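Hi there,

Here is the structure I promised to pass on to you. Please have a look at it first, and then read on for my notes.

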Amino acid sequence: CGQCVAHCPTGALTFRNDIQKVYKAMEEGKYIIGMMAPAVRASIQEELGLENDVVTAGRIVNFLKSIGFNKVFDVAFAADLVAYEEAHEFKERLEKGEKLPQFTSCCPGWVKFAEHNYPEFLENLSSVKSPQQALGSIIKRYYAKEIGIDPEDIYLVSIMPCTAKKFEAEREELSGEVDVVITTKELSQIIRSSGFNLKDIPPVPFDRPYGLSSQSGLSFGKTGGVFSSVLNVLEDELEVESVKTEELEKGIRITTVKTKNGKSITGVVVFGLGNTRKVIDKIKEGNLKVDIVEVMACDFGCIGGGGQPYPNDTRVRTKRSKILSEVVGIDVLISPTENYHMLSLYEKYLKEPLSHIAHEVLHTTYKNRKRINNGDIEILPLPIEKEK
Ligand code: SF4
């Protein structure tokens, strides 16, 4: 809507179509790797006039292979990886009692909003990259070597429900990891112009090793997914006794986890940047004591992203959320800790969560972009003193 276009922190709602870049890379004979976000499989059928279908992802994989993609991976795999790394980061912060509450960082709309409006909280953001960038980084730095292809010859196409992800891929801290981001709507244009009917294409699995995901990883596509995945990773270590969740208002949920050793962890799951302001203001005023905050800029999370088909209202988003739950339901792995391909990536390359190499490959930094008086954006170094 006009309001969103005016306020989008990444400027990503000024639409840009990047389909031609994909065709050009194919013509140039690049090794094309696609990766698809969870929320895309819950909505693309709307744009193509098809019925809901829990194997849409597999049909898209087959379609992409048939038009020339060499590999197609699942961003839900990277969601498992991010949840695993982020859970260990959270655990370390809890033990040290610093940089709390920890804010999630996989939504570039929220990250840029924080950089402009709450730079004093940037150190509280998880430094783990988003699943898109984490997988891009792994593919270009590690997988390329494994398959004996020069990373320069790989063209990585990220398929996202999100226009802000185009901005994220171009951030200077992350550039070169992902070559192009196309949205659900752009993918549906590619499918339509190919003449294929997605419904007639049999589903095939994502390529291994980065095609395996848990139910947690898939749940990144909707509000609450990151928070519950982090909890899933920590569940054994925390020895959870009880979990209580209440909705403070639409878009703000608070969960208290009590552990067997008498400790408790409080998490807030929030969507919408207006709601996020309310939560942060409460934290700053000392009226909300919380350990971890999941923020998604779009209503209901990525299923409501700016790159999704129209209409994109509450009714449609609720339906997409249900479809994603059904897709999740057919998967056998529950927690990221069960994703054996992800664990083997640690064994062979990343060593352990928060290791030196994991920091180099999976973590990033943020910028203070607070506006100064004349409206310009001054990029200032971190850290920033917090307001007392
Ligand atoms: Fe993009 Fe919206 Fe998801 Fe954030 S919540 S990553 S802006 S689709």
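To get your bearings, in which helix is the place of S193? S193 sits in helix 9, residues 184-194. Helices here are DSSP runs of H or I with at least four residues, strands are runs of E with at least two, and both are numbered from the N terminus.

Before the rest, two notes on the source. This is a predicted model, so local features need pLDDT of at least 70 and side-chain atom pairs count only at pLDDT 80 or more, while totals for chains, interfaces and linings use all residues. Residues are numbered from 1 along each chain as its sequence is written.

**Overall picture**

The protein has 15 helices and nine strands. Its C-alpha trace spans about 60 × 50 × 40 Å along the principal axes.

Buried residues account for 47% of the 388. A residue is buried if 20 or more other C-beta atoms lie within 10 Å of its own, exposed if 12 or fewer, and partly exposed in between, with C-beta atoms placed from the backbone. Of the contacts between residues at least 6 apart in sequence, 73% join residues at least 24 apart. Two residues are in contact if their C-beta atoms, placed from the backbone, lie within 7 Å.

Back to S193 for a moment: it counts as exposed, because it has 10 C-beta neighbours inside 10 Å. From S193 to N368 is 42 Å in space, C-alpha to C-alpha, and 175 residues in sequence.

**Around the ligand**

The shell around the ligand holds 13 residues, of which C107, G109, C162, C298 and G305 come nearest. Helix 6 (108-117) and helix 8 (164-170) are the elements that give two or more residues to this shell. By type, the shell divides into nine nonpolar, three polar and one charged. Here Ala, Val, Leu, Ile, Met, Phe, Trp, Tyr, Cys and Pro count as nonpolar, Asp, Glu, Lys and Arg as charged, and the others, Gly among them, as polar.

Eight of its ten residues are buried, so helix 6 is largely enclosed by the rest of the structure. The buried ones are P108, G109, W110, V111, K112, F113, A114 and E115. Their cover includes helix 8, helix 12 (273-285) and strand 9.

**Helix 5 and helix 7**

How do helix 5 and helix 7 cross, and at roughly what angle? The axes of helix 5 (residues 75-96) and helix 7 (residues 131-146) come within 8 Å and cross at roughly 95°. The two helices are therefore roughly perpendicular to each other. V75, A78, A79, L81 and V82 of helix 5 make the contact with P131, Q132, A134 and L135 of helix 7. These residues divide into eight nonpolar, one polar and no charged. Axes are lines fitted to C-alpha atoms, for helices over the stretch in contact, and angles run from 0 to 180 degrees between N-to-C directions. Angles under 35 degrees count as roughly parallel, over 145 as roughly antiparallel, 65 to 115 as roughly perpendicular and the rest as oblique.

D80 is also found in helix 5, and it counts as buried because it has 33 C-beta neighbours inside 10 Å. Beyond its neighbours within four places in sequence, D80 is in contact with S213, S214, S216, G217, P336, N339 and M342. Of these, P336 is 256 residues from D80 in sequence, with 4.7 Å between the C-alpha atoms.

**Backbone points to check**

Most residues other than glycine have a negative phi, and most peptide bonds are trans. Two cis peptide bonds are worth a look here: R208 to P209, with omega about 5°, and Y310 to P311, with omega near -5°. P209 is in the loop between helix 9 and helix 10 (215-218), and P311 is in the loop between strand 9 (292-296) and helix 13 (314-329).

That loop between strand 9 and helix 13 also holds F300, which has a positive phi of about 70° although it is not a glycine. F300 counts as buried, with 23 C-beta neighbours inside 10 Å. K351 is not a glycine either and has a positive phi of about 70°. K351 lies in the loop between helix 14 (340-350) and helix 15 (356-362), and is exposed, with 12 other C-beta atoms within 10 Å.

Best wishes

Key: A residue is near a molecule or strand if its C-beta atom, placed from the backbone, lies within 6 Å of it.
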